[in-house]
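This report goes through aromatic pairs, salt bridges, a pocket and a strand pairing, in that order. Please keep the structure at hand while reading.

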Amino acid sequence: MFHPEEDLRRTIYEILGSEGKSISALSKELEKRGFKIHRLVLTGYLRALADIRLLREYEVPPAKLYVPAKAQEKDIYTVVGEKARMIASGEKANALILYTLCKLFKRPIFQDELKRAGVEDRMPGRIATTEERQEAKKVLSKAGWKIPDSVKAYLIEDETLKEASDEILKMIVLDFFDAWHMVKETTQTKLSI
């Protein structure tokens, strides 16, 4: 699974690390990783990221140094994976991740999406039918994702996971708005799944 824009930004963040790099050093490293981008295009892209404050730009004559403005942002898959592992472990956590992503996106979840959430071993749920997979692929294709035909998609229909999934979504919203102090009961209860 590949999304040109998101994968490029994530790779740039990864290469820059916390120390940052010059355009020249970044360009060479990107080329090693298979991104062939003209240096002027890369310069414009980095300036745009600096303009929206995702990168900081420093003058180190004769070069400019680009440094991530903050730690790399986590994507939805990483966050759901982390929250699920706070509630459950092992195969139960994997099933909870799949259930939560299926409910959130209202479609089967591709194997690569599950890997981003930390599901590495045995995939939970059932393999989506050809029609279900095609529908999911169509949704992601509209968003610019490229999905090889060899990547499987999965579904899970276990409603015993609903309460734990709701808890994950609640944690994500409260974290995002930094609103845990507004919750009456702040001690997290272990759910029985």
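## Aromatic pairs

In this predicted model, a search of the whole structure gives two aromatic pairs. Tyr-77 and Phe-105 make an edge-to-face pair, with 6.1 Å between the centres and 65° between the planes. Tyr-77 belongs to helix H4 and Phe-105 to helix H5 (residues 90-105), so the pair ties together parts that lie 28 residues apart in sequence. Tyr-77 is buried, at 7% relative accessible area, whereas Phe-105 is partly exposed, at 28%.

Phe-176 and Phe-177 make an edge-to-face pair, at 4.9 Å centre to centre and with 85° between the planes. Phe-176 is exposed, because its relative accessible area is 67% and the cut-off for exposed is over 50%. Phe-177 is also exposed, with a relative accessible area of 59%.

## Salt bridges

Side chains of opposite charge can pair when their charged atoms come close. The whole structure holds 18 salt bridges. One of them joins Lys-83 and Asp-175, with an N to O distance of 2.2 Å. This pair links distant parts of the chain, since Lys-83 sits in helix H4 and Asp-175 in helix H8, 92 residues apart. Lys-83 is buried, with a relative accessible area of 11%; Asp-175, at 36%, counts as partly exposed.

Glu-157 and Arg-126 form a salt bridge in which the closest N and O atoms are 3.1 Å apart. Here too the pair links distant parts of the chain: Glu-157 lies in the loop between strand S6 (153-155) and H8, and Arg-126 lies in strand S5 (residues 126-127), with 31 residues separating the partners. Glu-157 is exposed, at 58% relative accessible area, while Arg-126 is partly exposed, at 31%.

Lys-32 and Glu-29 meet through their side chains in a salt bridge of 3.9 Å, N to O. Both residues lie in helix H2 (residues 23-32), three residues apart, which is about one turn of the helix. Lys-32 is exposed, with 69% relative accessible area, and Glu-29 is partly exposed, with 23%. Which residues are joined to Glu-29 and Lys-32 in one network? Glu-14 and Arg-33 are, through salt bridges that share partners.

## The second largest pocket

The second largest pocket holds about 170 Å³ of space. Its lining consists of Lys-74, Asp-75, Ile-76, Val-79, Glu-82, Lys-83, Ile-172, Asp-175 and Phe-176. Helix H4 (76-87) and helix H8 (162-176) are the elements that each give two or more residues to this lining. H4 gives the most, with four residues.

By residue class, the lining has four nonpolar residues, five charged ones and no polar ones. Among the lining residues are Lys-83 and Asp-175, whose side chains meet in the salt bridge of 2.2 Å. Phe-176, another lining residue, is a member of the edge-to-face pair with Phe-177.

## Strand pairing

Strands S2 (residues 55-60) and S3 (residues 63-68) pair in the antiparallel sense, over six bridges. How many residues lie between S2 and S3 in the hairpin that they form? The hairpin has two residues between the strands. Leu-55 has Pro-68 in S3 as its bridge partner.

How values were computed: Residues are numbered from 1 along each chain as its sequence is written. This is a predicted model: local features need pLDDT of at least 70, side-chain atom pairs count only at pLDDT 80 or more; totals for chains, interfaces and linings use all residues. Side-chain values use heavy atoms; hydrogens and water are left out. On a 1 Å grid over the protein atoms alone, a cavity is a set of points where a 1.4 Å probe fits but cannot get out, and a pocket is an open set with protein on both sides within 12 Å along at least five of seven lines; lining residues have an atom within 4 Å of a point. Grid points are joined across faces, edges and corners, and a volume is the space filled by probe spheres set on the points. Ala, Val, Leu, Ile, Met, Phe, Trp, Tyr, Cys and Pro count as nonpolar, Asp, Glu, Lys and Arg as charged, and the others, Gly among them, as polar. Rings of Phe, Tyr and Trp (its six-membered ring) pair if their centres lie within 6.5 Å; planes under 30 degrees apart count as stacked, over 60 as edge-to-face and the rest as tilted. Buried means under 20% relative accessible area, exposed over 50%, partly exposed in between (1.4 Å probe, protein chains only). Two strands pair if DSSP finds at least two bridges between them. A salt bridge is a side-chain nitrogen of Lys or Arg within 4 Å of a carboxyl oxygen of Asp or Glu.
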